[in-house]
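Thanks for coming. I have a few minutes on one structure, so please look at the screen.

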Amino acid sequence: MGLNVLILAGSRPGRADPMAQAAGLSHKAALPVCGIPMISRVIKALQAVKTIGRIAICIEKPEVLDGLVPDDVTFIAPAAGPSASVLKALDTLGTPLLVTTADHALLEPQWVSAFVQAAQDSGCDVAAGIAMEPDILRDVPGTRRTMIRLADGAFSGCNMFLFRTPAAQGVIRLWQKLEAERKNPLRMARILGLGILLRFVLRRLTRADVCRRIGRLSGARVALIPLPFGRAAVDVDKPADLELVTRLLSTAPAG
């Protein structure tokens, strides 16, 4: 059957993406990088992974991707926010489900395979791929990424998530609660626990602590999977990212 994949490609209601607007497009997913739309690059990388099965794209207007995606790629209408969209996709595609984003223009098959294998080996219900700061600075020197700084090192997310088992729904429901309070950091902190916040501020919080806390709140086994690929932390959120990704792809070895 293979591992099904969901690509998040939609826009938040009432908020046009500035990157898409600047290019005269309705959605960033269609933004060309070195002449190839980002969504096409993501799909090509996924299709090169032998274990990948069905690929679905979550977007409000599938027609904006006409001619950009293969005919066997399906579409799922977004729900109220990314977390609800993933929960809806789980009902349709089942578990295990790999989730990534349309702006992951540098995505490589090797990253996907390594992440999925490490997540399976961990025995978790939900996994998130991360890149540690030394690997990012080694592979993308001079880049500015959003870092989460914990007691056992700083890292950035890689926009790769694996919902391995039905228990993953508990994590998504917790995500929904946090998403609903995204404009109120104090309420978000209360959901996670003020003790966690204090340990974070004091730089005493570790990745294992985070996974345990989310696990207790969600009833699922959670893993943060460090990947040795610094470029996996690079997506296209702003013009500087587009310039960086274009440069990296332009100088990449052929093949």
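By contact I mean heavy atoms within 4.5 Å. This is a predicted model: local features need pLDDT of at least 70, side-chain atom pairs count only at pLDDT 80 or more, and totals for chains, interfaces and linings use all residues. Residues are numbered from 1 along each chain as its sequence is written, and side-chain values use heavy atoms, with hydrogens and water left out.

Start with helix H6, residues 168-180. Helices (H or I, at least four residues) and strands (E, at least two) are DSSP runs, numbered from the N terminus. Buried means under 20% relative accessible area, exposed over 50%, partly exposed in between (1.4 Å probe, protein chains only). Among the buried residues of H6 are Val 171, Ile 172, Leu 174 and Leu 178. What covers the buried residues of H6 includes helix H3 (82-93), strand E9 (153-163) and helix H9 (207-218).

Next, strand E1, residues 3-8, where five of the six residues are buried. Two strands pair if DSSP finds at least two bridges between them. E1 runs parallel to strand E4 (residues 52-58), with five bridges, and parallel to strand E6 (residues 97-101), also with five bridges. Ile 7 stands opposite Ile 57 in E4 and opposite Thr 100 in E6.

Last, strand E8, residues 148-150, which contains Ile 148. Is Ile 148 buried, partly exposed or exposed? Ile 148 counts as partly exposed, because its relative accessibility is 40%.

That is all I have; questions are welcome.

Technical notes. The expected span of a helix is 1.5 Å times one less than its number of residues.
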